[in-house]
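Below is a note for a colleague who has not seen this structure before. The points can be read in order with the model open.

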Amino acid sequence: MEISIHNLKKYYGEKLVLDIEELKIKRGRITGLIGPNGSGKSTLLNIISGLDREFLGTVKYDGKLLDKNIYKKMTLVFQKPYLFRRKVYENIEYPLKVRGVNRDERRERVKNIMERLEIEGLKDKKGHLLSGGESQKVSLARALVFNPELLLLDEPTSNIDPESVKVMEREILRFNEETNGTVIIVTHNMEQSERLCHDIIHLER
């Protein structure tokens, strides 16, 4: 999915926090958003995801304005995961259920993504009782399981152990290579952006 942004302005009260005349995020690539705190990285991600509709200008997805069909093709992974108070398996299965995928295929896809993210042992644990690193992996698994056309990541590996970071980065790269899905990742980590990203957008002021 290609994202085209024109004359985007976002205010909090009278304070202008985003001012982007034109920006294209290319289809099938991993794009990093970097910049200091307060530069608008997460705000831009929230606007692209449709969570924040209070802005001036236009954001288009493959040339179209946001609608419910586009919503179904994208997903956002937050820095602090929001998991249901249900089993990990059910958390990961949920996006497939709401999209009407049959039970056998759901089971196969959930099994595969759990193996890839090395979280098979968490299958029956409750989502809200996991550690930070476990939660982040489950949250990424839930995002990847339905092969979105647009994957939005807001500092998905902050404050987790190096081994978990390696696994998550590997699967983000694999997702992009295997599905040609577009990925936008907010990160403070320059080394991570160089490891993962084809393009880097630097936001300032």
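1. Ser4 stands opposite Lys60 in S4. Strand S1 (residues 3-12) and strand S4 (residues 56-61) pair in the antiparallel sense, over five bridges. Strands here are DSSP runs of E with at least two residues and helices are runs of H or I with at least four, both numbered from the N terminus; two strands pair if DSSP finds at least two bridges between them.

2. On the basis of the values: this is a predicted model, in which local features need pLDDT of at least 70 and side-chain atom pairs count only at pLDDT 80 or more, while totals for chains, interfaces and linings use all residues. Residues are numbered from 1 along each chain as its sequence is written, and side-chain values use heavy atoms, with hydrogens and water left out.

3. S1 and S4 belong to an open sheet of four strands, in the order S2-S1-S4-S5 and with antiparallel pairing. Strand S2 (15-25) and strand S5 (64-65) are its edge strands, each pairing on one side only.

4. Helix H5 (residues 132-144) has 13 residues and reaches 18 Å from its first C-alpha to its last, close to the 18 Å expected at 1.5 Å a residue; the expected span is 1.5 Å times one less than the number of residues. Of the 13 residues of H5, 11 are buried, so the helix is largely enclosed by the rest of the structure. Buried means under 20% relative accessible area, exposed over 50%, and partly exposed in between (1.4 Å probe, protein chains only). Among the buried residues of H5 are Lys137, Val138 and Arg142. The cover over them includes S6, H3, helix H4 (103-116), strand S7 (150-154) and helix H6 (162-179), where contact means heavy atoms within 4.5 Å.

5. H6 has 18 residues and reaches 26 Å from its first C-alpha to its last, close to the 26 Å expected at 1.5 Å a residue. Its buried residues include Val165, Met168, Ile172 and Phe175. Strand S3 (30-34), H4, H5, S7, S8 and helix H7 (190-196) are among what covers the buried residues of H6. Just after H6, Asn180 takes a positive phi of about 60 degrees.

6. The largest nonpolar core has 34 residues, and those with the most contacts inside it are Ile92, Leu117, Ile119, Val138, Leu151 and Leu153. Such a core is a set of buried Ala, Val, Leu, Ile, Met, Phe, Trp, Tyr and Cys residues joined through side-chain atoms within 4.5 Å. H3, H4, H5, S7, H6 and strand S8 (182-186) are the elements that give two or more residues to this core. Apart from it lies another core of 25 residues, including Ile20, Ile70, Val186 and Leu203.

7. Which rings pair, and how? Rings of Phe, Tyr and Trp (its six-membered ring) pair if their centres lie within 6.5 Å; planes under 30 degrees apart count as stacked, over 60 as edge-to-face and the rest as tilted. By this rule the count comes to two aromatic pairs. Phe78 and Tyr82 have ring centres 5.0 Å apart and planes at 85 degrees, so the pair is edge-to-face. Tyr82 is exposed, with a relative accessible area of 56%. Phe84 and Tyr94 also form an edge-to-face pair, 5.0 Å centre to centre with 75 degrees between the planes.

8. The charged end of Arg142 sits over the ring of Phe84, 5.4 Å from its centre. That of Arg99 sits over the ring of Phe146, 3.8 Å from its centre. The rule asks for NZ of Lys or CZ of Arg within 6 Å of the ring centre and within 35 degrees of the ring normal.
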